Amino acid sequence: MQRFLIGSIITLCVTWMGAPHAATSGSSGDRPVRLAPAGIQPAFEVIDRTQGLRSTSILEIVSDRHGFIWVAGDRGVHRFDGHNFFNLDRDPARPDTLESRFIYSLAEASDAMWIGSPNGTMQRLDSRSGKLTLVPFKLHGVSPQGLLWIACDALGQVWQMSDLGLLRLDRRGEATWTMPRSLEA
């Protein structure tokens, strides 16, 4: 691992030092950022309803380890395979669908995609079975009422920034309060 990391850093430094740098109009310490080699224009592709995207407002985009693009929007969660979208939406008649049509945040774990709604609810989409379950996230009997952000770490813990502050849900399902919602509290 250490050999790989050192080799990557050396390669990055050699590449950076060997790359031509354009003049900038900023201060003398500014360095330009090259997004594409000189003379090559980046290619963009329009992805919209013709491929099956239902949301009109996109709130987050996540790329998973398999290369799928997950989109959180105002009409559910959408997984793009490079050609078409698979859509996951709310159906009030079925208990195994999204709790909310509005999805604010997505986070990939090794075994699931976590889905966060603005009302503070979190759901887990199992990567093997495709089963969607509501995960109660409570700290001292209190549930978050608003969700801002979620992420998963290498240990499989889910981190949530909400109206209660920064919370962590471990693999056993126990929540820990990590930081208050305000540093003044």
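Residues are numbered from 1 along each chain as its sequence is written, and side-chain values use heavy atoms, with hydrogens and water left out. Because the model is predicted, local features need pLDDT of at least 70 and side-chain atom pairs count only at pLDDT 80 or more, while totals for chains, interfaces and linings use all residues.

**Strands S1 and S2**

Helices (H or I, at least four residues) and strands (E, at least two) are DSSP runs, numbered from the N terminus. Strand S1 covers residues 58-63 and pairs with S2 (residues 69-73) in the antiparallel sense over 5 bridges; two strands pair if DSSP finds at least two bridges between them. Within this pairing, Ile-61 has Val-71 of S2 as its bridge partner. The hairpin has 5 residues between the strands, and Gly-67 in the hairpin takes a positive phi near 95 degrees.

S1 also holds Leu-59, which is partly exposed at a relative accessible area of 40%. Here buried means under 20% relative accessible area, exposed over 50%, and partly exposed in between (1.4 Å probe, protein chains only).

**Around strand S7**

Gln-123 lies in strand S7, residues 122-126, and is buried at 2% relative accessibility. The side chain of Gln-123 reaches the backbone oxygen of Thr-97 at 3.1 Å. Beyond its neighbours within four places in sequence, Gln-123 is in contact (heavy atoms within 4.5 Å) with residues including Thr-97, Trp-114 and Leu-134.

Thr-121 sits in the loop between strand S6 (112-116) and S7 and is buried, with a relative accessible area of 19%. The side chains of Thr-121 and Asn-119 are joined by a polar contact of 2.8 Å. A polar contact is a pair of N or O atoms within 3.5 Å; within protein, one must be able to donate a hydrogen and the other to accept it, and residues adjacent in sequence count only if both atoms are side-chain atoms.

**Salt bridges**

The structure holds 8 salt bridges, each a side-chain nitrogen of Lys or Arg within 4 Å of a carboxyl oxygen of Asp or Glu. Some of them are listed here.

| Pair | N to O distance |
|---|---|
| Arg-124 and Asp-111 | 2.9 Å |
| Arg-124 and Asp-126 | 3.1 Å |
| Arg-172 and Glu-174 | 3.9 Å |

In the pair of Arg-124 and Asp-111, Arg-124 lies in strand S7 and Asp-111 in the loop between strand S5 (105-108) and S6, so the bridge ties together parts that are 13 residues apart in sequence. Arg-124 and Asp-111 are buried, and Asp-126 is buried too. Asp-111, Arg-124, Asp-126 and Arg-171 are linked in a network of salt bridges. Arg-172, by contrast, is exposed at 65%, and Glu-174 is partly exposed at 46%.

Leu-167, in strand S11 (residues 165-169), is buried with a relative accessible area of 0%. His-140 lies in the loop between strand S8 (132-135) and strand S9 (147-152). His-140 is exposed at 75% relative accessibility and has a positive phi of about 55 degrees although it is not a glycine.
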